[in-house]
Amino acid sequence: MPRQVYTAVVERNVAWEGAFATEPYEAGWADEALIFIRVLRGGAPGHSAAVQISPDGIRWLDEGTRIRLPEQPDGLTMARVTHFGNWLRLAGELAPGQSCTVMVYFVLKG
């Protein structure tokens, strides 16, 4: 049976400042996820986002993977995640006065 692949854009032109979290995404059918973060404006030197998982899309735990945020516009980073259950999101916190505008993609394969 051929594998399924789906790309979900979970953040589009969203400004991150202070504490942030992406929209939760239900991905229980997938075996793996590639998570991409692209900075459109600003940058976040020295900061990262934690991959979080949830059984219900309400309460969240850090999965263990951290993605270093791009330091300048048009920067792109990614991480590979498996064994994540049903719900995925990214969360983190930027230093006071720091912000960046991002696109976040979940590429799911099942």
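**Reading strands, charges and burial**

Guide: Let us begin with a pair of strands: β4, which covers residues 32-42, and β7 are joined by seven bridges and run antiparallel. Within this pairing, Phe36 has Met78 of β7 as its bridge partner. Please bear in mind that the model is predicted.

Visitor: In what order do the strands of the open sheet lie?

Guide: The order is β1-β9-β4-β7, four strands with antiparallel pairing. The edges are formed by β1 (5-17) and β7 (76-82), each of which pairs on one side only. From one strand to the next, the twist averages 20 degrees.

Visitor: Why is strand β9 described as largely enclosed by the rest of the structure?

Guide: The description rests on burial, for which the cut-off is a relative accessible area under 20%. Strand β9 spans residues 99-109, and nine of its eleven residues are buried, so the rest of the structure largely encloses it. For the protein chain as a whole, 45% of the 110 residues count as buried.

Visitor: What elements does the protein chain contain, and how does its radius of gyration compare with that of a compact globule?

Guide: The protein chain has nine strands and zero helices. A compact globule of 110 residues would have a radius of gyration near 13 Å, and the 14 Å of the protein chain agrees with this. Its C-alpha trace spans about 45 × 30 × 20 Å along the principal axes. Of the contacts with a separation of 6 or more, 79% come from residues 24 or more positions apart.

Visitor: I turn to charged side chains. How many salt bridges does the structure hold?

Guide: In general, side chains of opposite charge can pair when their charged atoms come close. This structure holds three salt bridges. One of them joins the side chains of Arg3 and Glu32, with an N to O distance of 3.2 Å. Because Arg3 is in the segment before β1 and Glu32 is in strand β4, this pair ties together parts that lie 29 residues apart in sequence. Glu32 is partly exposed, at a relative accessible area of 23%.

Visitor: Which residue forms a salt bridge with Arg38?

Guide: The partner is Asp74, and the closest N and O atoms are 3.1 Å apart. This pair links distant parts of the chain, since Arg38 belongs to strand β4 and Asp74 to the loop between β6 (61-68) and β7, 36 residues apart. Arg38 counts as partly exposed at 29% relative accessibility, whereas Asp74 counts as exposed at 55%. There is also a salt bridge between Glu71 and Arg68, whose closest N and O atoms are 3.5 Å apart. Glu71 has 45% relative accessibility and counts as partly exposed.

Visitor: Let us consider single residues. Is Ser54 buried or exposed?

Guide: Ser54 counts as buried, at 4% relative accessibility. This residue lies in strand β5, residues 48-54. The Ser54 side chain reaches the backbone nitrogen of Gly57 at 2.7 Å, and a polar atom of that side chain lies 3.5 Å from the backbone nitrogen of Ile58. Leaving out residues up to four places away in sequence, Ser54 touches Arg59, Trp60, Asn86 and Trp87.

Visitor: Where does Trp60 lie, and which residues does Trp60 touch?

Guide: Trp60 is in the loop between β5 and β6 and counts as buried, with 17% relative accessibility. Residues up to four places away in sequence being set aside, its contacts include Pro24, Gln52, Ser54 and Trp87. A polar atom of the Trp60 side chain lies 3.4 Å from the backbone oxygen of Ile58. Trp60 and Glu32, by contrast, are 19 Å apart in space, C-alpha to C-alpha, and 28 residues apart in sequence.

Terms used:
Residues are numbered from 1 along each chain as its sequence is written. This is a predicted model: local features need pLDDT of at least 70, side-chain atom pairs count only at pLDDT 80 or more; totals for chains, interfaces and linings use all residues. Side-chain values use heavy atoms; hydrogens and water are left out. Helices (H or I, at least four residues) and strands (E, at least two) are DSSP runs, numbered from the N terminus. Buried means under 20% relative accessible area, exposed over 50%, partly exposed in between (1.4 Å probe, protein chains only). A polar contact is a pair of N or O atoms within 3.5 Å; within protein, one must be able to donate a hydrogen and the other to accept it, and residues adjacent in sequence count only if both atoms are side-chain atoms. Contact means heavy atoms within 4.5 Å. Two strands pair if DSSP finds at least two bridges between them. Axes are lines fitted to C-alpha atoms, for helices over the stretch in contact, and angles run from 0 to 180 degrees between N-to-C directions. A salt bridge is a side-chain nitrogen of Lys or Arg within 4 Å of a carboxyl oxygen of Asp or Glu. The radius of gyration is taken over C-alpha atoms; the globule rule is 2.2 Å times the number of residues to the power 0.38.
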